[in-house]
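Please have the sequence and the 3D view open while reading.

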Amino acid sequence: MAETLEFKAELKQLLHLITHSLYSDRDIFLRELISNASDAINKARFDALANADKLEGNTDWKVKLTPDKTAGTLTISDNGIGMSRQEVIDNLGTVAQSGTKAFLEATKLAGKSGDAPGLIGQFGVGFYSAFMVADKVTVVTRALGAPSGEASRWESDGQGTYTLEPCEKPARGTDVILHLKEDAKQFLDSWALRRLVRKFSDFLEHPVVMDVEKEVGEGDEKKKETSEEVLNSRKAIWLRNKSEVKAEEYEEFYKGLAHDTDPPADVIHYAAEGKTEFKVLCFVPAQKPFGFDYEEPVAGLRLYVQRVLIMERCEQLLPSYLRFVKGVVDSSDLPLNVSRELLQQNPLLDTIQKSVVKNVLEALAGMKNLEYEKYLTFYKAFGGVLKEGIARDWANRDKVADLLLFESATTEPWKFTTLAQYVENMPTDQTEIAYLTGESAEQLRRSPYLEAFRAKGRDVLLLTEPIDEFVIPQLGEYKGKKLVAADRAGDTGTGDVPAGVKESFAPLLSFFKEKLPEAADVRLTNRLTDSAACLVADANALSAHMERLMERMGRDAPGGAKRVLELNPNHATVEAVRALHASNSADPRLELYARLLFEQAVIAEGSKVPDPVAFANRVNDLIARDAKPAPST
Ligand code: ADP
């Protein structure tokens, strides 16, 4: 006789929650049931360690899926430890387990943030997830050591009660029979099952099998034959020792994981032992894989708990500046289900992340030192992403800084220097690291700002990526040397203009200031040797490059972006204008000269003159005045 027993009240709530809020991610029911079956097999093996006879020769360990289209059922069977009557009551009909309570708390928390399904989907909900796809679940189970007549049959529609009765079961283990809901009949399809097993349980230790019918023979001899197909690859190579894994195996695994066609540039594979244990297998891609979204700042590693996929992309395992890294983490110290505590609050995840970051940065440093060409290819693809680490990973910024490559005023096009090399090559009287930002190294190499540096035998780093503008000021200094923009006002180590020169230019500077309201200031500089004039950003203002970037993004640059016009007092043109002004400060040409000096400085910094036609007219005036036939001699 089947007894009818009632679930505890909380369980009703739970079942309701699961069946109603998990709709979007209900695929996970199969992962949960297969995991339970696999656990049951492990328990049986463990239990029989001392007494193998207990297993009665039934040791062909496997989890079997049996879709039955006629009956509309999907059965998940195992030959694991099974359950006694009391265990069925305790395990499938009670809410005394901490897991269920924790789950309810978690959903309450998640409910507040409106993310219940996502959260639940990540944690797994164990056996009860069966009710997402089934309107009735039957469990037939016979415990290890129990005779065939002492099996139990549990059945419930998930509405608050279940029935329990004794039954016959020829073999040890558990059959979970799902009477699939009308809208869940796709789980009878063998391709759908194959796909789900490969997704969630591919690396499970035990085979997950299914009977498939195949046509064999030719012509009249043709007949259908049923054979058992193993659905999972079972190759969790991250669990093996590094020395036991072949390069081809890594490569194959990486390609499947990253959807990349090239082999990875580097493999990072290790097992952390000690207080917490986890295994890490990560890859650094050689090139940007097709579809890598540079802008999308999300990273993540696959998280497995004992070979079972828990999360496709666990963001807590990898900071976003390492988002090019692909890989898996497997930890047996994490709960498979929500049972013990919330995964997201688990401090183990932070420990793992720290360890992964450390190992990835070390691997990159090794590649840079030992396989420079490979590193260069990697860097061209991902250097811009890596740089974000300067701003985002305070603790590791020095290590990240050491991985950066820069073109400089003295490097050949497309050759690079590093901060360390730059510092090493600094002349003894140089105390700061100079850099210049702009669109291309080629253009920057022609910049007037480099003149004084060149004259003094100093190098300037040329930064051409948009992110440099944000990152370099964040870095601030390297090995105690300040990073200073070469186009900023202030001391760039080029010395002061002598007082006598300043005095003689003072009236001209006031005149320029009056005529050039678009300049924040006009002053003399020593930073130029060949050019007559240049524009510099005030120490705290945005640089010209930054402003152009903001304009391109359609944003107004704050602060009006006025720049300081600097004049080279040693330049013949500037000296001629000064002399003209000294002899007749009312000469109408003076204003034209002021404007032209300003405009050539605008062009030299890579910006556009606001009125190109007016500029051309001014130049034409000069040409017309100058283009007299040379006096014949
Ligand atoms: P969890 O797996 O987190 O403990 P579940 O709700 O999935 O939670 O399962 C509850 C319990 O039921 C399991 O701990 C296990 O003892 C028992 N159980 C579930 N499925 C099986 C199975 N296939 N064979 C034996 N015991 C099982």
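Is Arg 234 buried, exposed or partly exposed? Arg 234 counts as partly exposed, at 37% relative accessibility; buried means under 20% relative accessible area, exposed over 50%, and partly exposed in between, with a 1.4 Å probe and protein chains only. This is a predicted model, in which local features need pLDDT of at least 70, side-chain atom pairs count only at pLDDT 80 or more, and totals for chains, interfaces and linings use all residues. Residues are numbered from 1 along each chain as its sequence is written, and side-chain values use heavy atoms, leaving out hydrogens and water.

**Loop residues with positive phi**

- Arg 234 lies in the loop between strand 9 (223–230) and helix 7 (247–258); helices (H or I, at least four residues) and strands (E, at least two) are DSSP runs, numbered from the N terminus.
- Arg 234 is not a glycine, yet its phi is positive, near 65 degrees.
- Glu 56, also a residue other than glycine, has a positive phi near 50 degrees.
- The loop between helix 2 (28–47) and strand 2 (63–68) holds Glu 56.
- Glu 56 is exposed, and its relative accessible area is 56%.

**Helix 19**

- Helix 19 (residues 612–626) has 15 residues and spans 21 Å from first to last C-alpha, close to the expected 21 Å (1.5 Å times one less than its number of residues).
- Ala 614, Phe 615 and Arg 618 are buried in helix 19.
- The buried residues of helix 19 fall within an arc of 110 degrees seen down its axis, so they line one face; the arc is taken from the directions from the helix axis to the C-beta atoms.
- These buried residues pack against helix 18 (589–604), where contact means heavy atoms within 4.5 Å.
- Val 613 and Ala 624 are exposed on the face of helix 19 turned away from its buried side.
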